[in-house]
Amino acid sequence: MLTTTHLAVVILIGFLLPLDRNEWLVLLTFGVMLDFDHVFAAPRYIGDNGWAAVVRPTWDDGSGEPYKSLFHDSVAFFVVGPLAIGWRFMLPLLAWSSHVGLDWLQNNTLAYSAPVESVVLIVSCAGIVWFAYMRWSEIQEETSFGMYVLHLRDSVKAYLSP
Ligand SMILES: [Zn+2]
């Protein structure tokens, strides 16, 4: 799936589990940065297929050339599994599974790639907003979602103003 979708899913996982900074780094590394292998394959792939092919879901041009590293293969379990020992929630394995699982879902629903990806992205983003709202409302006396939206607007305004 697109890196943005992986990022949204991983952020939602990070909100569900109370993680510290180190654990967030592990979560992002195994859940999102896994796609960094595409960068190495990109020059050849784009050279052969053109820039428009970047949004093709599989990056498979029928050449049989690999555009993903073995970290995208189930065999990587034997590397990530042992690495996960000692981490709370087996975090590296959890993050890696979320990534490989989403890619698996995409490869098995290729005909509906765009709608499936959209649903995953929208549900994840809705979950993130909901969790952020719940956390915010815990420390407020009186709350409504409308007040939360106003709070977000003011925060953005304060952040952007010099
Ligand atoms: Zn991937």
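Leu70 touches Val75 and Ala76 when residues up to four places away in sequence are not counted. In this predicted model, Leu70 is placed in the loop between helix H3 (37-49) and H4. Leu70 counts as exposed because 11 C-beta neighbours lie inside 10 Å, and the limit for an exposed residue is 12 or fewer. The separation of Leu70 from Phe131 is 61 residues in sequence and 34 Å in space, taken from C-alpha to C-alpha.

Confidence was considered next. Over the protein chain the average pLDDT is 89, and 99% of the residues reach a score of at least 70. Among the elements of the chain, the highest mean pLDDT, 95, belongs to H2, whereas H3 has the lowest, 85.

The largest nonpolar core consists of 17 residues. Within this core, the residues with the most contacts are Val10, Val26, Leu27, Phe30, Leu91, Ala95 and Trp96. At least two residues of the core are supplied by each of helix H1 (3-16), helix H2 (21-31) and H5. The largest share comes from H5, which provides six residues. Val10, one of the residues with the most contacts inside the core, is in contact with Leu27, Leu28, Gly31, Val32, Ala95 and Ser98 once its neighbours within four places in sequence are left aside. Two of these partners, Leu27 and Ala95, are themselves listed among the core residues with the most contacts.

The loop between helix H4 (77-84) and helix H5 (91-108) contains Phe89, and Met90 lies in this loop as well. Each of these residues has a positive phi although neither is glycine: the angle is near 60 degrees for Phe89 and near 50 degrees for Met90. Phe89 has 17 other C-beta atoms within 10 Å and is therefore partly exposed. Met90 is likewise partly exposed, because 16 other C-beta atoms lie within 10 Å.

Conventions. Residues are numbered from 1 along each chain as its sequence is written. This is a predicted model: local features need pLDDT of at least 70, side-chain atom pairs count only at pLDDT 80 or more; totals for chains, interfaces and linings use all residues. Helices (H or I, at least four residues) and strands (E, at least two) are DSSP runs, numbered from the N terminus. A residue is buried if 20 or more other C-beta atoms lie within 10 Å of its own, exposed if 12 or fewer, and partly exposed in between; C-beta atoms are placed from the backbone. A nonpolar core is a set of buried Ala, Val, Leu, Ile, Met, Phe, Trp, Tyr and Cys residues joined through C-beta atoms within 7 Å. Two residues are in contact if their C-beta atoms, placed from the backbone, lie within 7 Å. pLDDT is the predictor's confidence in each residue, from 0 to 100.
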